[in-house]
Amino acid sequence: MDKGKAEQLLGGEFCCKCDGGKVSVEVRRGVPEQKIEEIAAALHADKAVLFVSRHFSESERACFEAALRAAGAQPVTVSVRRRFDNALENAGALFASAKEAEMIVVCESGLYDAAAYFAALRNIPLVYAAFSPEADGILAPTVSVRIRDKTERICADNPRYIVIDEERLKRANRSEVAAAFASIASGIVSLIDYRVRGALTGEFCRESYNLARGAISEALHIGTDENAPLTLLESRLVIAAVENHTRGLFSGGECAVAELLEGSGKRRLSSAERKFAAAFLLLDLYAAYFSSPHENLLYVPDYAQRAEELSSYIGCGKGTILTHMLSAGAFADEEKIALYLPRLLEEIEILRGWFGSITAKYRDLGGTDLSDQYTFGEWARAIDRAADLPGTFSTLTLMRESGALELLRKELQDRN
Ligand SMILES: [Zn+2]
């Protein structure tokens with residue numbers, strides 16, 4: 001990849017015909033302390049909050065605080081638990097300390113969600129100094145955190161900065177590199193869902209699709225040397241530019257399923273791992289769905305019942321879920337897909353063909369075995385509910401409308 005391609009894309013140099021969104025983001029390369037000082041000075045920030053976990057080194061913390069002070073900003077460091085949900089001290093400390101902050105700085109990818117949420121909530125600049133190549137959801141047009149078992153989601157229009165320290169990235173640990181790879185590779189499902197959505201609504205940016213596909217393909221060909229983390233971060237930034245340009249429409253069923261699997265499984269998997277595990281299953285499911293006739297399924301989805309179930313599971317209002325279900329259902333007209341079907345099936349088969357190299361690369365990078373993490377029931381419920389998750393659209397929505405998901409429900413009932 002050309003150096004700086006991500007910066008060009010993120011800076012709005014996006015040559016396409018659609019009327020896509022533009023994010024206010026700047027990428028700076030160099031030593032994080034220096035870059036953070038420059039940014040804080042340019043913003044004339046009087047108070048800056050630094051989000052750290054308990055694993056953050058004391059010496060680095062002191063360096064960052066000194067950099068902020070040098071720029072004239074009073075640093076306030078907030079120690080946050082990596083798992084944000086249900087940690088009351090997190091919510092309390094954050095709501096209180098971020099009050100008069102004029103910028104938020106975060107370096108650990110595990111804390112990115114919480115930092116992005118509070119920066120968007122206060123509409124203040126967010127600086128992410130990437131200590132690892134994991135940048136899941138970076139620059140997403142909406143940000144969310146789970147607070148007391150409820151997902152809080154808001155739109156993010158605040159300015160964002162990304163600091164890339166190439167030397168530091170070389171020292172990223174293996175699990176972070178594997179997670180970054182898993183997150184990017186699981187985007188093969190987003191590719192399909194973005195196409196399907198495009199066929200249904202006409203909103204489709206070919207250039208975005210090709211860029212994301214190219215970034216995923218490039219990730220498959222990285223080595224396992226010290227340059228891998230930087231390449232992965234660059235690929236992630238290209239995908240982030242696409243996510244932003246398409247106003248979040250470049251997203252697929254793997255994200256929704258992963259969100260709904262959060263509390264399940266033998267062990268707690270990271271968001272990237274959950275998406276990765278879901279991607280394999282979904283692409284097979286999509287292939288089966290699109291290649292077999294399903295016009296005359298007898299099962300009709302019970303919207304009210306479905307909204308009720310999801311509402312009690314995610315803590316989101318039943319009305320909001322129903323509104324989303326009806327609006328997504330309204331454009332889920334399969335006749336519109338028919339024209340694109342041969343090409344769509346061909347692309348699904350090509351992407352499924354990538355599976356072998358994806359799993360091999362994930363293993364080489366130190367990824368852990370994810371098979372057998374979830375029971376059939378956990379999978380079935382997450383897949384079924386993912387069709388209705390507000391703010392999302394995927395082939396699962398079509399499967400709900402056609403009655404195919406009712407078959408999954410029936411299978412689940414029969415097994416129980
Ligand atoms: Zn476009």
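Two strands count as paired if DSSP finds at least two bridges between them. Helices (H or I, at least four residues) and strands (E, at least two) are DSSP runs, numbered from the N terminus. The model is predicted, so to speak of local features requires pLDDT of at least 70, side-chain atom pairs count only at pLDDT 80 or more, and totals for chains, interfaces and linings use all residues. Residue numbers start from 1 along each chain as its sequence is written.

Let's start with the sheet. Six strands form an open sheet in the order β1-β8-β5-β4-β2-β3, with parallel pairing. Because β1 and β3 stand at the edges with a single partner strand each, one side of each has no neighbour in the sheet. From one strand to the next, the twist averages 20°. Angles here run from 0 to 180 degrees between N-to-C directions, and axes are lines fitted to C-alpha atoms, for helices over the stretch in contact.

Strands β5 and β8 pair in the parallel sense over five bridges, and Ala130 has Ile164 in β8 as its bridge partner. Helix α5 packs on the sheet, touching β2, β4 and β5, and its direction makes about 175° with that of β4. Contact means C-beta atoms, placed from the backbone, within 7 Å.

| Element | Residues |
|---|---|
| β5 | residues 126–130 |
| β8 | residues 160–164 |
| α5 | residues 112–122 |
| α7 | residues 174–185 |
| α17 | residues 355–364 |

Now for a helix pair: the axes of α7 and α17 come within 9 Å and cross at roughly 165°. In α7, Ala178, Phe181, Ala182 and Ala185 meet Ile358, Lys361 and Tyr362 of α17.

Note on methods: Contact = placed C-beta atoms within 7 Å.
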